[in-house]
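Student: Could you walk me through this one slowly, piece by piece? I'd like to ask things as we go.

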Amino acid sequence: MNITFCCAHTQADPWLAGFHMALPHAHVSEWQPGAPQADVAVVWQPSQQFIDEQPGLKAMFNIGAGVDALLRLRLPAAMKIVRLDDAGMAVQMAEYVCHAVIRHFREFDLYEADVAKHQWVQRKPLVRGEFPVGVLGLGVLGERVARALRQFDFPVHGWSRSPRSVEGVTCHAGQEGLPNFLSSCRVLVNLLPLTPETRDILNRETLSRLQPGGYVINVARGAHLVEEDLLALLGSGHLAGATLDVFRTEPLPADHPFWSHPKITITPHTSARTLREESIAQIAAKILAFERGEAVVGMVDPARGY
Ligand code: NDP
Ligand code: OXD
């Protein structure tokens, strides 16, 4: 089997060495323009040139959970796409979101500002029951995040396309379930895949439905959020703040208003990083299953967009 590796922003050598160890029978090499046809590919944000030069690929294994960048390309209809399924990302996402929710709920930013002024101020504890958290997307990452939030006794709601059941979480589904989901939440966490249906889903209309003093945590994709609408709702006071890990343009341009907005905390697309060892082990196992003609977990449905 010939495996070609074509991953943007990724140092290839350690990945190639890992795949050599995990799949000693395979020939693994980094793709260069004009390289011979491979059987399968390991990819992250490959170019259209790569796809056009490798029309015989049977499958592409994405080294991330989101496949929106791949599905924007013109792909041969028969080419299978397989995404990462957790591979160490779910626990990172749970850490990140719980940290952001707790930081907001426990007012740690205000305490830090007091400390900077050498002021000893004890604030009145806020009421946990008044901070229901909603998780958009109850997939591999969203479900883990919802369960983690329940560990801190926050009321938790979840929203998915098809009906789901997660212990302790009030689950809503489909377009018809969205208004009730939103009005049940004060803190909103986005863990949806980016698809034509979910693009711009965090907008003036949806965010206005959150309870007053709402807080937005976007850890999925920048194109889910209509940036001007967030700024307007922060300005009007309907929203109290936001923690954003992903942006419409990455890296975030130096003159973007989010950098210095007092109610916005940003991080550089780091909420759940691809972990090399875990990902190589998972993808190698998937390639072996694929070779044997067995079912592969994380197969993407291009019609659904995730
Ligand atoms: P999954 O495919 O496992 O889960 C997606 C969830 O979204 C499912 O519950 C699905 O519903 C739901 N969903 C999809 N479309 C709709 C819709 N139109 N309406 C309602 N619900 C919908 O994805 P993951 O949990 O693995 O990952 C989620 C996203 O997180 C990725 O696509 C990626 O963009 C982002 N991500 C960000 C990272 C970062 O560092 N910032 C790192 C990793 C991922 P159903 O259950 O019915 O299928
Ligand atoms: C992913 C990401 O989709 O890192 O895995 O954003």
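This is a predicted model: local features need pLDDT of at least 70, side-chain atom pairs count only at pLDDT 80 or more; totals for chains, interfaces and linings use all residues.

Student: OK, which residues of helix H1 are buried?

Tutor: In H1, which spans residues 12-22, the buried ones are Ala12, Trp15, Leu16, Gly18 and Phe19. Buried here means under 20% relative accessible area, exposed means over 50%, and partly exposed is in between, with a 1.4 Å probe and protein chains only. Helices (H or I, at least four residues) and strands (E, at least two) are DSSP runs, numbered from the N terminus.

Student: And why are they on the same side of H1?

Tutor: Because they cover an arc of only 160 degrees around the axis, they sit on the same side of H1; the arc is that of the directions from the helix axis to the C-beta atoms. The face turned away from that buried side carries Asp13 and Met21, which are exposed.

Student: What covers the buried residues of H1?

Tutor: The cover includes strands E1 (2-7), E2 (27-30) and E3 (40-44), together with helix H10 (276-291); contact means heavy atoms within 4.5 Å. E1 and E2 run parallel and are joined by 4 bridges, with Thr4 having Ser29 in E2 as its bridge partner. Two strands pair if DSSP finds at least two bridges between them. E1, H1 and E2 together make a right-handed β-α-β unit, where right-handed says that, with the strands pointing away from the viewer, the path from the first strand over the helix to the second runs clockwise.

Student: You mentioned H10. What does Ser279 touch?

Tutor: Ser279 has its place in H10, and leaving out residues up to four places away in sequence, it touches Trp15, Leu84, Ala87 and Thr274. Ser279 counts as buried because its relative accessibility is 0%.

Student: Switching to the ligands, what surrounds ligand 2?

Tutor: Ligand 2 is surrounded by Trp44, Gly64, Ala65, Gly66, Met89, Arg221 and His269, a residue being near a molecule or strand if one of its heavy atoms lies within 4 Å of it. A backbone N or O atom of Ala65 lies 2.7 Å from an oxygen atom of this ligand, a polar side-chain atom of Arg221 lies 2.8 Å from an oxygen atom of ligand 2, and for an N or O atom in the side chain of His269 the distance to a ligand 2 oxygen is 2.7 Å. A polar contact is a pair of N or O atoms within 3.5 Å; within protein, one must be able to donate a hydrogen and the other to accept it, and residues adjacent in sequence count only if both atoms are side-chain atoms.

Student: And which residues come nearest to ligand 1?

Tutor: Of the 30 residues around ligand 1, those that come nearest are Arg83, Leu141, Ser162, Arg164 and Tyr306. An N or O atom in the side chain of Tyr306 is 2.6 Å from an oxygen atom of ligand 1, and a polar backbone atom of Leu138 is 2.9 Å from an oxygen atom of that ligand.

Student: Is Leu138 buried or exposed, by the way?

Tutor: Leu138 counts as buried, at 3% relative accessibility, and is found in the loop between strand E6 (133-136) and helix H6 (140-151). Its contacts, not counting residues up to four places away in sequence, include Glu143, Trp159 and Arg164.

Student: Last topic: how many residues of strand E11 are buried?

Tutor: In E11 (residues 239-244), 5 of the 6 residues are buried, so the strand is largely enclosed by the rest of the structure. E11 pairs in the parallel sense with strand E10 (residues 214-218) over 5 bridges, and 3 bridges join E11 to strand E12 (residues 264-266), also running parallel.

Student: What does Asn218 stand opposite in E11?

Tutor: Asn218, which is found in E10, stands opposite Leu244. Asn218 is buried, with a relative accessible area of 0%, and its side chain makes a polar contact of 2.9 Å with the side chain of Asn190.

How values were computed
Residues are numbered from 1 along each chain as its sequence is written. Chains are lettered from A and ligands numbered from 1 in the order in which they are written. Side-chain values use heavy atoms; hydrogens and water are left out.
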